[in-house]
Amino acid sequence: MNRSINSTHNPSLRSWIESANQKDTDFPIQNLPFGVFRPRNSNNSRIGVAIGDRILDLAACCQVGLLQELPQELQIACTAPKLNQLMAMGSRAASALRDRLSQLLRADAQNPPLESKILCSMSEAELLLPADIGDYTDFYASIFHATNVGKLFRPDNPLLPNYKYLPIAYHGRASSIVPSGTAIARPKGQRKSSQEPIPSFGFSQSLDYEVEVGFFIGSGNQLGHPISIDNAEEHIFGLCLVNDWSARDIQAWEYQPLGPFLSKSFATTISPWVVTLEALAPFRCQAFGRVEGDPPPLPYLSSSLNTELGGIEIAVEALLRSEQMRVVGMQPFRLSCASFQSMYWTVAQMLVHHSSNGCNLRPGDLLASGTVSEAEAETQGCLLEITQRGSKSIQLPTGEVRSYLVDGDEIELRGYCEQEGYARVGFGECRGTVLSTSTKSGV
Ligand code: CA
């Protein structure tokens with residue numbers, strides 16, 4: 001169902017909200033992503049849908065009876081302060097809601113509703129985390145990223161033997177996931193360079209970002225009941241952008257033998273709008289093609305539908321704006337642009353592998369793809385790759401140079417889908433600025 005094109009994708013649909021009809025908007029009527037917001041004059045968080053530069057307030061829609069044709073349980077889920085309940089109802093319920101919202105927002109809607117009661121200007125709202133995220137898992141699904149990073153540490157043997165058989169991941173930290181716009185404090189930790197005999201404790205000197213795509217679990221699975229590849233996507237509510245901030249010096253010293261820990265758990269930024277899998281239906285494509293000689297995925301990770309349509313064509317970009325660039329009003333500098341289609345593992349395969357041992361996934365859990373990089377230099381999705389572990393620097397338009405992030409740097413991720421014959425669908429912003437460290441003590 002998630003992959004079918006229906007009337008909500010019709011590119012000729014227009015909304016009575018004029019800003020949703022602009023060519024370059026991330027949020028046309030064909031998108032309708034879900035999120036949670038708090039109007040500036042209110043203490044209550046509520047579920048909303050992004051439309052142009054406005055937010056449609058779902059609790060308010062329920063209040064004035066605009067969703068009364070939907071099942072009672074679905075209406076109740078729309079008035080909750082987070083998306084978990086709606087996510088738990090599964091893709092069929094989300095699809096029924098999307099269809100109703102599309103009708104309400106169309107330019108030719110019968111009796112267009114009272115704007116002031118159900119709309120909030122995006123500039124008048126604070127965008128919050130869309131769900132209570134119980135668990136967060138970060139994958140490593142780009143073979144290009146894995147190879148590039150592997151080469152820096154093991155030039156002769158960049159890719160470990162398990163890589164082409166299973167989607168590699170580690171358990172991330174859910175409590176430090178923050179919405180776009182939250183300032184990022186430079187973490188402190190233990191670092192030890194190869195020249196130093198013992199480690200020291202202080203601010204990370206190698207702060208990095210990672211461009212990733214995340215996906216939220218909709219209906220979960222019971223403990224002991226793995227999800228099959230055939231209906232895996234029914235368990236995915238939607239996608240967002242993820243910046244997996246990483247302290248490379250802390251990571252290098254701590255990651256063996258059990259993987260990343262404090263080098264990642266200090267902050268993860270996500271974009272606040274969740275673009276449903278249904279909204280992405282026009283942008284589905286073949287899973288990344290394995291080259292000759294690569295093993296086929298084991299049967300539990302394999303289906304013809306996944307091979308034919310498991311990929312999603314999303315362009316993801318990373319941009320940097322230094323404090324100096326902000327002061328003089330310069331546009332951010334683009335560090336990379338890559339396609340999510342190039343991931344070695346599909347979202348369905350990551351989800352299936354995660355539950356394959358019986359592990360239960362719950363509504364609102366977040367799974368992230370790992371850094372999205374392709375083969376070419378301008379596609380590499382983190383500074384570790386771009387600067388070859390800090391050994392090469394990049395130059396910003398101001399003449400400033402970077403090997404890793406300095407205080408005041410802002411990283412913004414963007415994601416969008418474009419396909420001939422369909423409306424452009426965007427993800428909105430995923431932004432974070434590295435806070436100035438007030439004291440350099442401990443460096
Ligand atoms: Ca990562």
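Reader: Before we start, what should I know about the model and its numbering?

Author: Residues are numbered from 1 along each chain as its sequence is written, and side-chain values use heavy atoms, with hydrogens and water left out. The model is predicted, and local features need pLDDT of at least 70, side-chain atom pairs count only at pLDDT 80 or more, while totals for chains, interfaces and linings use all residues.

Reader: Let's begin with A20. Is A20 buried or exposed?

Author: Buried means under 20% relative accessible area, exposed over 50%, and partly exposed in between, using a 1.4 Å probe and protein chains only. A20 has 4% relative accessibility, so it counts as buried.

Reader: Where does A20 lie, and which residues is A20 in contact with?

Author: Helices (H or I, at least four residues) and strands (E, at least two) are DSSP runs, numbered from the N terminus. A20 lies in the segment before β1 (34–39). Contact means heavy atoms within 4.5 Å. Leaving aside neighbours within four places in sequence, the contacts of A20 include F27, I29 and I51. A20 and A50 are 30 residues apart in sequence, with their C-alpha atoms 9.2 Å apart.

Reader: How do I read a helix such as α4?

Author: An α-helix has 3.6 residues a turn, so residues three or four places apart point the same way. The expected span of a helix is 1.5 Å times one less than its number of residues. For the 16 residues of α4 (residues 90–105) that should be 22 Å, and the end C-alpha atoms are 23 Å apart, which agrees. Twelve of those 16 residues are buried, so α4 is largely enclosed by the rest of the structure; among them are A93, L97, L101 and L104.

Reader: And what do I look for in strand β26?

Author: Look at its faces: C430 and G432 are on the covered one, R431 and T433 on the uncovered one. Two strands pair if DSSP finds at least two bridges between them. Here β26 pairs with β24 (residues 410–417) in the antiparallel sense, over four bridges, and R431 in β26 stands opposite E412.

Reader: Which residues are the protein donors of the calcium ion?

Author: Donors are N, O and S atoms within 2.8 Å of the metal (3.2 Å for Na, K and Ca); water is not among the atoms, so sites may look incomplete. The protein donors are D138 (OD), E210 (OE), E212 (OE) and D244 (OD), lying 2.2 to 2.4 Å from the ion. D138 is in β6 (residues 136–139) and E212 in β12 (residues 211–217), so the pair ties together parts that are 74 residues apart in sequence. D138 counts as buried at 2% relative accessibility, and E212 at 0%.

Reader: How many disulfides are there?

Author: A disulfide is a covalent bond between the sulfur atoms of two cysteines; here the cut-off is a pair of sulfur atoms within 2.5 Å. The search of the whole structure finds zero. For C78, the nearest cysteine sulfur is that of C62, 5.0 Å away. The sulfur of C430 is 7.5 Å from the closest cysteine sulfur, in C240, too far for a bond.

Reader: Finally, what is in the largest nonpolar core?

Author: A nonpolar core is a set of buried Ala, Val, Leu, Ile, Met, Phe, Trp, Tyr and Cys residues joined through side-chain atoms within 4.5 Å. The largest has 63 residues, and Y209, F340 and L405 are among those with the most contacts inside it. Helix α10 (347–355) is one of its suppliers, giving the most, with five residues. A second, separate core of 49 residues includes I29, V36, L56 and L101.
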